[in-house]
Amino acid sequence: MLLRCTRDDGVFLFVSEGCCELSAYSRTDLLGKEIGDIAGGGAPQSGVSRHQLVHPDDRARLTGAIAATGEGGRYRVRYRLLRRDGTALNVRESGVVVRGEHGEWLVEALVEDDSTQVASERDRLEAELRYRSMFENLVVGMFRTTADGRYLAANRALARLYAYPTPEALVGSLCDIAARLYVETGRRDEFMRQIREHGRVVDFVSEVYRADGVRIWIAENAHAVHGSSGELLYYEGTVEDVTERRQYQARLEHQATHDPLTGLPNRTLLEDRLRQAMVAAQRGDGRVACAFVDLDNFKYVNDSLGHAAGDTLIIESARRLREALRGVDTVARYGGDEFVLVLADHGSLNQAIGTLERVHRAINAPFFIDGRELRIDCSIGISLYPGDGDDIETLLRHANAAMHHAKELGKGQFQFFTGELNSAAHQRLALESALRGALDASELSVVYQPKVDPFGNCCGFEALLRWHNEQLGDISPERFIPLAEEIGLIEPMTDFVLRAACCEALGWRSAQPGAAPLSVAVNLSARLFSDDSLAARVAAILAETGLPATRLEVEITESALLGDFTRTAASIESLRVLGVRIALDDFGTGYSSLSYLQKLPLDIVKIDRSFVSRCEHGGEAMAIPRAIISLGRSLHLRIVAEGVENARQLAMLAAYGCEEFQGYLIAPPLAPADALAFLAGDLASQIR
């Protein structure tokens, strides 16, 4: 739209075709006759003046811009052009003020349709307002930061997240993001490195400090914003608090790698720790000790006191083990009552031994559970890297073999792995396999060792279990009885002994016509006394065989009195109600209190062979047997000495009041036929 008009009146002197197109007026409508100054109230004329084409609200802006321009001066102005139909059109005008031929002031101008640009600017402004509103009000934290670690902008959500009162306070206070925000040194550098390499960071999880010092976990999603020349302007992105998510993930990871009862590492984490220790030892030419720790007699405590007490014992044992080790060492729960220790970077074997002794003392100290004082021990087996194995599986297997060897040697000690132990482990597996089939293969038998009074008269026999395997030969009870207890075969084996002994005892009467009926004694495992059906099972076997209950003696060891004493006493009382007599075997070798002799319904106390072996020398060697005899007689208990091997021992014990004797002096354990022959022989002459 090109035009020329008078400056003051706005009378068109020239208009282009574009003027007609934009205004919808014809050339005649626009040029016409002079109209005069509308503002001055001149008489209206046909034609349209320049001023009539300008929106009333914008006329002052246009006339002001022109009036401020001197001769030859240029101006620019935007306004709304009123079209013939009354609609408004956004235009922009560029013009110059010049002198006409007669000295009058004229305006020559170019007017362009500005609707598209105005709409674009309006859209841009609206978009900016929407963005700012979103930036300010979004619940997710938003930021802009510089490359050197300063905040340019932050929204209210980010200020709340970082515990600042306002976004302005955050921007003004947090001027060193790398040092004051991130907990981990170098985290800001990693943030920028990822953006340089990938153009953005996605779910960038970090631990940060809030303004109040509290540490939280955040996830950032951000990208770099560059200028037209490619220069970095700033980083912008969002921040989300993921502390709860992180804690939940940590709990899941902990559950996957830790024992739920004790909180100790489980097998999965144990293998990782052991692998790390082996790698570190390899780099430093060192060694690692791998130790299997097994709580002795735990199953009995668990069965007698209940699983809750067993769990308490496991938890307390785990705590003691942790406290006994160094920070660089690891204790893991391997399963049940077994723990594995990884003793890393021990400079010498003596150091490792010192640690193991500390572990042993910690477990051996008294436990107090549900008002009861308990004492347990532990057996420890140790393998050393790299000498005893260069992989995890081998080290664990060898440590486990050493632990079982420690148990076989009497428990309560630790043993290091040797090549012989590996062979022994294979032998144990073979022994276990053979023992499981021993009953069905009729490999078990019962022998009988006689007991006599001071005059050589037979008082009865003790039934003893024996095992002969075609491949393994004769296996000592000291080897297979603990194994039977461990693998759950002790109950059927005990029933076998009881049934055989009761049947055999019925035939002894015929070998000694007119003599008093002889009793038979059977040892019962301590584990059987936690079974409430024990008395019923014994009663069923007595009824099946026809042996009177008064002719059966049940021998228990002092270990049966550990743990749930009330339950054990109830089982013993149930047997007494049947008429069965109760003998306390190996007295003086366990940990029971002397008060148990008064509390329990006992009939017999047996002096252990360890106290009999040197008693013929008198003096101190006779002190303990003499005390046991005196105590037993005062409690009206029958006293039996076992392991009598020479006549002087028998005479010394008899002189102090011992009433029955058993041992190789009298006879070794005898097969059933030999027991009958023994009863028919001249026993007194044999002793002499």
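Select Cys 502 to begin: leaving aside neighbours within four places in sequence, its contacts (heavy atoms within 4.5 Å) are Ile 541, Leu 542, Thr 545 and Leu 547. The model is predicted, with local features needing pLDDT of at least 70 and side-chain atom pairs pLDDT 80 or more, while totals for chains, interfaces and linings use all residues. Residues are numbered from 1 along each chain as its sequence is written, and side-chain values use heavy atoms, without hydrogens and water.

Cys 502 counts as buried because its relative accessibility is 0%; buried means under 20% relative accessible area and exposed over 50%, with partly exposed in between (1.4 Å probe, protein chains only). Helix α17 holds this residue; helices (H or I, at least four residues) and strands (E, at least two) are DSSP runs, numbered from the N terminus.

Next, display the largest nonpolar core, which has 76 residues, with Leu 435 and Leu 653 making the most contacts inside it. Such a core is a set of buried Ala, Val, Leu, Ile, Met, Phe, Trp, Tyr and Cys residues joined through side-chain atoms within 4.5 Å. Helix α17 (residues 490-511) supplies its largest share, eight residues. A second, separate core has 31 residues, including Ala 291 and Ile 376.

Finally, select helix α3 (residues 59-67), where Leu 62, Ala 65 and Ile 66 are the buried residues. They lie on the same side of α3 because they cover an arc of only 100° around the axis, taken from the directions from the helix axis to the C-beta atoms. Ala 60 and Ala 67, on the other side of α3, are exposed. Show β3 (74-82), β4 (88-99) and β5 (105-113) as well: the buried residues of α3 pack against these strands.
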